[in-house]
Amino acid sequence: MGYQWNWGIFLSPSASGDDTYLGWMFAGFKMTIALSLTAWMLALMLGALVGVLRTVPNKTLAGIATAYVELFRNVPLLVQLFIWYFVLPELLPTSIGDAYKQSHPVMQQFLASMICLGLFTSARVAEQVRAGINSLPKGQKNAGLALGFTLPQTYRHVMLPMAFRLVVPPLTSEFLNIFKNSAVCSTIGLLELAAQGRQLVDYTAQPYESFIAVTLAYVAINVTVMTLMHKFERRIAVPGYIGGK
Amino acid sequence: MKRFAFTAAFVAVLGASAVMPAQAQESLTLKKIKDTGTITLGHRESSIPFSYYDDKQQVIGYSHELMLKVVDDIKANLKLAKLDTKLMPVTSANRITLIQNGSVDIECGSTTNNLERQKQVGFTTTIFVIGTKLMAKKDAGIKDFADLAGKNVVTTAGTTSERLLRKMNEDKQMKMNVISAKDHGEAFLTLETGRAIAFMMDDALLYGEIAKAKKASDWIVTGTAQSKEAYGCMLRKDDPEFKKLVDASLTKAMTSGDAEKIYAKWFMNPIPPKGLNLNMVLSDEMKAAYKAPNDKAFE
């Protein structure tokens with residue numbers, strides 16, 4: 001269909017003259033990693049907390065946690081992103097909102113993206129953590145309580161060490177997802193990997209080369225994550241349980 | 001995300017395309033139009049007043065009207081009793097690939113004819129000439145590009161303005177923060193909400209955005225034009241017969257005065273969606289283009 005292949009495009013100087021196109025891709029790669037890792041840390045911390053709260057006997061706390069999960073799990077990621085980026089600054093008091101909006105755009109985009117991805121994923125992590133806790137035999141909790149532990153102590157010393165290990169495989173999936181979902185953030189102008197790929201298409205009219213490169217970069221990220229998580233999974237596996245020896 | 005889906009599809013057919021035989025001499029596009037009785041037209045969704053949806057989700061605009069004229073001529077030329085037109089919305093990012101892979105036969109919107117793109121697609125006779133300028137709030141104190149130093153400036157991703165703006169930032173060390181919005185509507189939203197102090201784009205499109213604004217009188221288009229650009233319709237490269245037919249049709253419209261009438265309708269009269277008059281007088285460049293139609297790129 002008359003397509004002119006040109007793999008050399010990556011080494012040619014970029015349109016703005018400050019870098020090569022390969023440099024653009026690498027900048028996007030770094031942005032994707034930075035965004036996904038920070039969002040993942042947020043997701044793990046919040047997700048673990050909310051997941052635990054969903055299993056506590058206190059009805060109010062469990063209810064709040066359930067509402068949190070349903071809210072962030074059921075609204076499309078793209079809609080959430082637009083709310084964080086476009087709507088929320090308008091709800092702040094005018095002076096604060098204006099000051100925020102005039103700050104560095106990359107900071108604004110990164111912050112909105114990180115919070116959005118982090119909270120969205122935290123709802124999913126929470127569900128995994130809850131499933132892990134619920135999968136434990138009831139006897140473990142009762143044993144902890146019978147030994148004189150308080151409920152928080154039982155969670156801390158008996159149930160959570162088990163539950164977290166059990167949910168490592170599903171959490172790996174969520175970890176992989178966060179890298180892939182981060183591509184959504186290109187819609188608010190954050191120059192991560194997918195956005196740089198699209199930019200390359202716009203500037204060079206070489207769509208195949210750039211999207212193949214983007215694909216390979218995502219695969220590379222995710223293969224690395226999978227390998228590391230697999231090693232981690234084996235190291236912390238509980239003997240006698242799924243994955244244990 | 002649409003563009004990614006398209007691209008994914010292309011990657012899938014890559015293998016197949018590699019073994020396809022070289023194109024025959026006769027016009028594949030015309031043959032396809034004859035065989036299927038259908039022509040697929042690419043249009044934009046928010047390039048006011050070139051190609052956009054009105055409030056009834058109908059595609060309208062200056063470029064679109066010219067394209068429909070071309071379609072009439074194609075129908076007459078091929079002596080077809082009936083020619084169905086299929087409309088396909090395109091974005092700045094996917095329009096070139098959609099032409100290349102045959103999803104779209106011709107696209108008239110607001111596509112700049114430049115040398116890089118000519119390597120991938122063919123361009124018809126120039127249908128419009130624009131200058132890249134700035135839009136800002138009237139009271140923001142922005143008169144020209146020099147006033148932008150150290151400020152947040154928005155433009156649309158994938159446009160010549162984005163390239164010029166980034167280059168200017170680099171060359172003149174202006175320390176601007178360039179925001180690349182995904183389309184003109186989002187770029188204007190970025191400007192309107194105060195995230196950016198100015199929006200750099202093709203002047204005609206800036207007037208188009210003003211036509212959509214809540215309060216049109218708040219905004220001005222200002223600054224020295226940073227580049228002149230020729231808009232053309234895109235079609236597949238290496239199809240001279242089809243291009244000849246389309247060019248002839250456009251040339252006829254321009255030299256006969258029809259194009260100027262269409263211009264007046266979209267640039268000098270109230271247009272949808274808000275009935276605002278863009279009041280953009282026919283420029284000398286446009287007059288020249290109508291007088292001597294050509295398919296030259298400015299850069």
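1. Starting with chain A: the axes of helix α1 (residues 21–55) of chain A and helix α2 (residues 59–74) of chain A come within 7 Å and cross at roughly 130°. Axes here are lines fitted to C-alpha atoms, for helices over the stretch in contact, with angles running from 0 to 180 degrees between N-to-C directions. α1(A) and α2(A) are therefore oblique to each other (under 35 degrees counts as roughly parallel, over 145 as roughly antiparallel, 65 to 115 as roughly perpendicular, the rest as oblique). On the α1(A) side the contact uses A:Val50, A:Leu53 and A:Arg54, and among its partners in α2(A) are A:Leu61, A:Ala65 and A:Tyr68. A contact means that two C-beta atoms, placed from the backbone, lie within 7 Å.

2. A word on conventions. This is a predicted model, in which local features need pLDDT of at least 70 and side-chain atom pairs count only at pLDDT 80 or more, while totals for chains, interfaces and linings use all residues. Residues are numbered from 1 along each chain as its sequence is written, and chains are lettered from A and ligands numbered from 1 in the order in which they are written.

3. The rest of chain A: it has 10 helices and 0 strands (DSSP runs numbered from the N terminus: H or I of at least four residues for helices, E of at least two for strands). Its C-alpha trace spans about 70 × 55 × 30 Å along the principal axes. Of its 245 residues, 38% count as buried (20 or more other C-beta atoms within 10 Å of a residue's own; exposed is 12 or fewer, partly exposed in between).

4. Over in chain B, strand β1 (residues 38–43) pairs with β5(B) in the parallel sense over 6 bridges, with B:Ile39 opposite B:Thr85. Pairing requires at least two DSSP bridges between the strands. Of the 6 residues of β5(B) (residues 84–89), the number buried is 0, so this strand lies largely in the open.

5. Chain B also has an open sheet of 3 strands, ordered β2-β3-β4 with antiparallel pairing. Its edge strands, β2 (46–47) and β4 (59–60), each pair on one side only. β3(B) (residues 51–53) and β4(B) share 2 bridges, and B:Tyr52 stands opposite B:Ile60.

6. Now confidence. Chain B averages a pLDDT of 88, and 92% of its residues score at least 70 (pLDDT is the predictor's per-residue confidence, from 0 to 100). Helix α1 (residues 2–18) of chain B is lowest, at a mean of 49, and strand β6 (residues 106–107) of chain B highest, at 97. Over residues 13–24 of chain B, pLDDT stays under 50, and the model has 4 contacts beyond four places in sequence for them. For the complex, the predictor gives an ipTM of 0.73 and a pTM of 0.75.
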